[in-house]
Amino acid sequence: MMASLSDVENSITTSTLPYSYAPLPNGEQPAGNDRPVHSSRKTALFLVSVFLAVASLVALFAGNGPVLPKNLNTSAVPSTAGMPEKVVPLSRGVEKGVSEKSFHPLLGADNSFPWSNNMLDWQRTAFHFQPKKNWMNDPNGPVFYNGWYHLFYQYHPDAPVWGKIVWGHAVSKDLINWRHLPIAMETDEWYDEQGVWTGSATILPNGELVVLYTGSTNESVQVQNLAYPADPSDPLLIKWVKYPGNPVLVPPPGIDNKDFRDPTTAWKTPEGKWRITIGSKINKTGISLVYDTEDFKTFELLDGLLHAVPGTGMWECVDFYPISKQGENGLDTSVDGPGVKHVVKASMDDDRNDYYAIGTYDAYKGKWTPDNPTLDVGIGLRYDYGIYYASKTFYDQNKQRRVLWSWIKETDTEASDIKKGWASLMGVPRTIVLDKKTQSNIIQWPVEEINLLRTNLTVFKNVVVESGSLVPLNLPSASQLDIVAEFEVDKKTVERLNVADIAYDCAKNGGAAQRGALGPFGFSVLAHEGLAEHTPVYFYVAKGVDGNLQTFFCADQSRSSNANDVDKSIYGSIVPVLKGEKLAMRILVDHSIVESFAQEGRTCITSRVYPTKAINNNAQLFLFNNATATKVTASVNVWQMNSAHV
């Protein structure tokens, strides 16, 4: 049912800063920027005391995760109270031949925060897909079939940690509300005894469906297997049959037994065959092998590779699909021609980020070439500059669009996941199109169905946010929000500014505490009164010696939580802003996940945050401007978001 919208215009007055951070340990002072602040503005001076403390917190890096007691690896989740004990690091997945599946807090970090049930209960999302309990990772075989959207996913049914993986299964009519179904495929054959791993679905011309997936054998060899619905007339696809002749592919000569996984959706060749690609590596060169088939049972390995990039390591979850140069619709995976570019995406096992590049595909040679070699796969553009991995697209013939799914991992401790009984979720599904203005990147945007959850619109028009100002946006609740905003920097200030900005990097320059002439400015989401906890999402505009502007889009988790056993990284990247464009962002806040989109989706950042105070009715939303030399004008629409059926 379409949510009703009530337009409420609020008159906002910029407030002075009534808050300050607690002193840093041992009197330590954060490193700041020595740019001048207008002495006439007391609010600006006060904001320095508030924001500069952020710079002292170093983002937590990946370390090692905790050991579970043996009786917790596959048993029901306990609900223990009190202070958890400090735990010993443990790795999950790597020994079996997949990427690390545990979040590793900074080595030596105190991971004994006393999480209450109220805090942990709040973390569960309201409109992001996740199973009822236990562990989930990669999306598998997403497809629209006989009136239903199907999502299969890597699932450990016995515990909220990675283990022996099966295929979970859910269906939806709208990609937002979901019905959970029985497990689709179990680890019941020698060729997938150690795991039914990632795979893809292909719809044949007659409407039938086939699935190729990676199995980890009884000897931990990665092989490719064929499966199909037991009853193709069943729109829910409850039961599946594994081909008796499995495996249909084994690692070819020169490829390690644990470096051969994640087959793509198949597409048609000019000769009428089907073609797939599978990720692998040779030494430190990431590669994408190419196979042709006529029946999905026997395959021919092509002599060359679809693509390879030295130094990028193992390629997981490779994706390959066409995008239209001019049209706004998505394209079926087999579409090719002069009006089409092709995207190659790979999940990098070495750094666990998803990279993509746009290029040209030669269907006769089975080779793909990037348009810009300096932005090749693994060294250039990313789908998302936060927590976003093992993504998978599918062509939605129902609405003629290409839809992107991705696994969003937890970045707290296993001890917390065990206590709450679940781990991981999927990002909101996004549509993908070529950016027609730049022609050099894709545009990602939440599927239109997410708008059906919007309710109680609050409008803030032309809010002037002075340098050094913090503006509370009074809302009834701030844990489930859809925020759409435009910002304008004072043009006269930009024109007369003659001091070049220093080189800026979201992750290395102190986050929202790094003050520049033209930034940062944006929102503090999931903020607690007093800003003891808050997560800034913001723009930072840098002016170069040549007078040109460069815009960064960032998300700062360094003050997101008082707990010390969660990720507090600062994420972000450059976002292209073309002449005449206003700075625009959209933020989806859903409890412990924040998804942020700049310039209609040119740059995206997904954050996992675990506040201890800024939860339930204590979560607030603020506008802020921490620039030293300019005011900004913001126009903001904020919707409360209803909960989906998940």
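A residue is called buried at under 20% relative accessible area, exposed at over 50% and partly exposed in between, with a 1.4 Å probe and protein chains only. The structure is a predicted model, in which local features need pLDDT of at least 70 and side-chain atom pairs count only at pLDDT 80 or more, while totals for chains, interfaces and linings use all residues. Residues are numbered from 1 along each chain as its sequence is written, and side-chain values use heavy atoms, with hydrogens and water left out.

Aromatic pairs were examined by ring geometry. Rings of Phe, Tyr and Trp (its six-membered ring) pair if their centres lie within 6.5 Å; planes under 30 degrees apart count as stacked, over 60 as edge-to-face and the rest as tilted. The structure holds 29 aromatic pairs. In one of them, the ring centres of Trp 178 and Trp 405 are 5.7 Å apart and the planes stand at 65°, so this pair is edge-to-face. Because Trp 178 belongs to strand S7 and Trp 405 to strand S23 (residues 401-408), the pair ties together parts 227 residues apart in sequence. Trp 178 is buried at a relative accessible area of 2%, and Trp 405 is buried at 1%. Phe 320 and Tyr 361 also form an edge-to-face pair, with 4.9 Å from centre to centre and 70° between the planes. Here the linked parts are strand S17 (residues 315-324), which holds Phe 320, and strand S19 (residues 353-362), which holds Tyr 361, the two residues being 41 apart. Phe 320 has a relative accessible area of 2% and is buried; Tyr 361, at 9%, is buried too. Ring pairs also join Trp 178 and Trp 405 with Phe 129, Tyr 153 and Tyr 155 in a cluster.

Strands (E, at least two residues) and helices (H or I, at least four) are DSSP runs numbered from the N terminus, and two strands pair if DSSP finds at least two bridges between them. Strand S7 is part of an open five-strand sheet of mixed pairing, in the order S7-S6-S5-S4-S24. S7 (178-185) and S24 (422-423) are the edge strands, each with a single partner strand, so one side of each has no neighbour in the sheet. S24 pairs in the parallel sense with S4 (residues 134-145) over two bridges, and Trp 135 has Ala 423 of S24 as its bridge partner.

In strand S31 (residues 518-527), ten of ten residues are buried. S31 runs antiparallel to strand S32 (residues 535-543), to which six bridges join it; Leu 518 is partnered there by Val 541. S31 also pairs in the antiparallel sense with strand S38 (residues 620-625), over five bridges, where Ala 527 stands opposite Gln 620.

Gly 468 lies in the loop between strand S28 (454-465) and strand S29 (469-473). Gly 468 is buried, with a relative accessible area of 0%, and its C-alpha atom is 6.5 Å from that of Ala 627, 159 residues away along the chain. Tyr 395 is located in strand S22 (residues 389-396).
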